[in-house]
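Okay, everyone, thanks for coming.

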Amino acid sequence: MPTVAASCVGLRKAYGDRLAVADVGFTVHAGESYGLLGPNGAGKTTTISVLCGLLQADAGTVEVGGAPMRTGRCDAKQHLGLVPQDIALYPDLTARENLRFFGRLQGLGRSELRTRVDEVLEIVALEDRAGDRVESFSGGMKRRCNIAAALLHHPQLLVLDEPTVGVDPQSRASILDGIAALQEHGMAVLYTTHYMEEAQRLCDRIGIIDEGRLVAEGTQTELLAAVGQHPVVRLTVDGDPSGLAGALAGDPLVVRTSVGDDRLEVAVTDPARALAPLIERAEHVGTRISGVEVVEPDLESVFLHLTGKALRD
Amino acid sequence: MIELDRVRATRSPSALRAALVLAAKDVRRGVRSRSLILTAVVGPLVLGLIMALAFGGSGGPKATIAVVDLDATPTSRGVVAVLGEQLAEGPVSLRTDLTDARRAVVDEEVDAALVIPAGYSASLFAQPLPLQVVRNNQRAIPGEVATAIAGEVASQSDLIRAASSTVVALDQTQPPLTDVGEIRPAITVDIGDLQGAFSAALYFGPLTIFLFLGLGGAARNLVREDREGTLARIRSVAVSPRALATGSAIGVFVQGVLASLAVYAVSSLVFGARWGSPVEVVVVLVALVVSLSGLSTIITAAARTEAQAEGWTNAFAFLFGVIGGSFFGGAQFPGLLGVIGSYTPNAVAMRALVELGPGGQDLASVLPLLAALVVVGVVAFAVGAQLMVRRFG
């Protein structure tokens with residue numbers, strides 16, 4: 001099996017005058033989970049559409065499973081399973097009929113198809129509803145069936161385009177657990193989302209995309225480090241915190257301080273090591289601390305740092 | 001239980017297999033939603049039945065036939081008299097002059113004219129001359145009715161000859177035959193039956209209209225699938241644009257053939273319409289559906305919205321239906337429109353059915369018409385498939 005499940009280089013796609021994707025490039029390694037994180041309209045779905053051969057890029061190249069992706073060709077497409085953002089199922093057919101239809105299109109033979117349909121129904125916990133029409137399913141069940149249809153042919157790469165949009169929390173948790181389980185079994189996953197916590201939970205590496213450009217890429221730790229994001233110890237104090245801020249200047253564990261009316265925010269390199277000395281220093285300068293909160297940096301702050309706007313703007 | 005260890009190299013299905021899978025899905029959904037049954041079977045039958053009732057049972061429109069007696073002998077006058085009595089269901093006007101009869105046909109005073117040629121009586125005792133037919137190409141069915149009558153008369157030449165011989169034998173004085181008013185042969189020409197034989201046009205017309213309307217079904221499906229995301233999923237698997245086009249055309253073909261067979265069977269068995277030999281009728285209907293399936297591929301590939309699919313489908317249905325004569329029992333427009341209309345698939349198929357009708361020709365003689373239908377279908381499919389490649393390739 002190739003070590004690279006999919007790669008994009010220099011992707012560019014415009015709709016008229018509007019540039020949807022500009023020079024986007026990334027690699028998803030075999031068995032890796034890669035997240036494309038960005039707000040709505042950032043270019044995630046366009047990128048996915050080009051990667052899956054649904055759209056022809058204006059420039060750039062895509063390879064999936066070692067084969068070049070072209071819209072009219074099938075070589076690369078057989079290596080991927082797409083879970084579209086919409087419920088791409090026929091509501092008037094049963095779950096089993098839907099899966100059999102897509103399985104046949106994937107080239108599965110009769111006996112293999114029967115086996116695989118049963119297996120994926122079990123994976124998404126829909127065995128009991130296999131004979132029911134999809135139109136009778138709840139939103140979460142439809143989403144699970146939507147994922148099942150992409151798993152039938154054992155794709156090397158599973159591409160999920162915002163699979164939890166509009167799903168209730170219980171179904172969402174179930175879907176995320178299922179995807180995590182697929183990852184554990186070695187399936188490469190390309191996951192687009194604008195939910196930061198999903199990217200943090202599921203993805204080995206994350207590409208942050210905004211206004212059609214990939215603005216940063218790496219593991220969560222790498223991204224946080226790259227933009228200089230550090231944990232913050234937020235102290236609520238009685239009185240003026242300026243004295244304490246001055247006392248902390250030059251401390252090797254302290255990166256910076258920020259003074260408010262009754263609050264002092266202290267960016268530190270390691271909150272576990274820095275907390276005790278901070279409190280000691282406060283006692284030393286006579287500042288009474290009434291509250292302590294440690295805030296770990298997250299992708300939201302990375303996105304804010306990189307783009308100047310919140311992820312959900 | 002998640003099982004991913006058995007990662008296999010998937011094999012793309014052949015384009016034909018993918019197309020068949022797509023077509024089977026379309027047919028299944030059409031049957032399940034009952035839309036196929038309603039639009040392709042119930043619709044044409046109901047419309048055909050209404051037209052049949054409007055024209056008086058299943059007898060079909062009445063042909064007005066002129067008879068021209070150029071032989072002017074007791075025998076020919078007897079044949080005219082018999083025809084006059086037995087063609088009572090359709091008015092018969094007697095003309096004595098061929099030019100006058102031709103003008104009447106051209107001016108549509110009559111639908112067709114039967115001509116008893118000069119020398120007809122004498123020819124009965126050697127090689128009987130056939131009755132000739134003056135027809136208006138824009139009125140195919142009456143022309144075929146007249147041809148069928150001529151065939152019926154020709155098939156009863158022995159009876160006509162026998163009547164002439166008997167009169168001559170009984171009257172030993174052998175007066176000049178011109179002195180005998182008329183010699184009535186004991187022939188029967190059931191005009192009602194002959195006209196009823198062509199009543200299939202009443203069902204064929206509506207059938208073609210509904211088949212045309214069905215052309216857009218595949219286009220509407222594709223637009224809907226594009227909107228709902230299933231098309232994206234289909235395209236993300238190993239299905240080529242040509243397989244998409246083929247699947248769509250096969251789906252339309254299967255639904256069209258099912259609808260045609262249902263209308264043919266019900267109109268024949270329940271309403272008594274006589275289409276002709278079953279095998280020949282089925283061959284013509286299949287050729288027509290091949291033609292329309294090809295045309296449907298163009299609409300499917302070109303329509304980007306349901307409104308476009310709807311508009312182009314209606315344009316096809318009503319334009320081809322009107323100028324091809326499907327609305328008027330085979331009647332076509334005069335002039336250029338009539339010429340263009342005669343080349344529409346529905347008009348060509350109608351012509352094939354009429355020519356194969358009672359007293360008509362065999363399948364081999366309409367092969368050029370059938371070939372034309374198939375060629376139109378194949379060429380239209382090729383164009384549609386290429387458009388599909390340009391759209392999705």
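This is a predicted model: local features need pLDDT of at least 70, side-chain atom pairs count only at pLDDT 80 or more; totals for chains, interfaces and linings use all residues.

You'll find Asp226(B) in helix 9 of chain B, which covers residues 200–228. Now look across to Thr305(B): along the chain, Asp226(B) and Thr305(B) are 79 residues apart, yet their C-alpha atoms are separated by 9.6 Å.

Gly30(B) sits in helix 1, residues 15–32. Here we count 22 other C-beta atoms within 10 Å, so Gly30(B) is buried. Which residues does Gly30(B) touch, if we skip its neighbours within four places in sequence? The contacts are Ser35(B), Leu36(B) and Gln255(B). And there's Gly217(B), 187 residues away along the chain, with 9.4 Å between its C-alpha atom and that of Gly30(B).

Stay with helix 1 of chain B for a moment, and bring in chain A. Helix 2 of chain A, residues 95–105, has an axis that comes within 9 Å of the axis of helix 1 of chain B, and the two cross at roughly 160°. That angle makes the two helices roughly antiparallel. The crossing itself is left-handed. Who makes the contact? From helix 2 of chain A it's Phe101(A), Arg104(A) and Leu105(A), and from helix 1 of chain B it's Ala18(B), Val21(B) and Lys25(B). Sort those residues by type and you get 4 nonpolar, no polar and 2 charged.

Last stop, the sheet in chain A. Quick reminder: strands of a sheet pair through backbone hydrogen bonds, either parallel or antiparallel. In chain A, 4 strands form an open sheet, in the order 2-1-4-5, with antiparallel pairing. Why do strand 2 (18–29) and strand 5 (67–68) each have one side without a neighbour in the sheet? They stand at the edges, so each has a single partner strand. Further in, strand 1 (residues 4–15) pairs with strand 4 (residues 59–64) over 5 bridges. To see one bridge pair, find Val9(A) and its partner in strand 4, Thr61(A).

And what lies across this sheet? Helix 1 of chain A, residues 44–51, lies across strand 1, strand 2 and strand 4, running at about 120° to strand 1.

Okay, that's my tour. Thanks!

Terms used. Residues are numbered from 1 along each chain as its sequence is written. Chains are lettered from A and ligands numbered from 1 in the order in which they are written. A residue is buried if 20 or more other C-beta atoms lie within 10 Å of its own, exposed if 12 or fewer, and partly exposed in between; C-beta atoms are placed from the backbone. Two residues are in contact if their C-beta atoms, placed from the backbone, lie within 7 Å. Two strands pair if DSSP finds at least two bridges between them. Axes are lines fitted to C-alpha atoms, for helices over the stretch in contact, and angles run from 0 to 180 degrees between N-to-C directions. Angles under 35 degrees count as roughly parallel, over 145 as roughly antiparallel, 65 to 115 as roughly perpendicular and the rest as oblique. A crossing is left-handed if the near helix is turned anticlockwise from the far one by less than a right angle, and right-handed if clockwise. Ala, Val, Leu, Ile, Met, Phe, Trp, Tyr, Cys and Pro count as nonpolar, Asp, Glu, Lys and Arg as charged, and the others, Gly among them, as polar.
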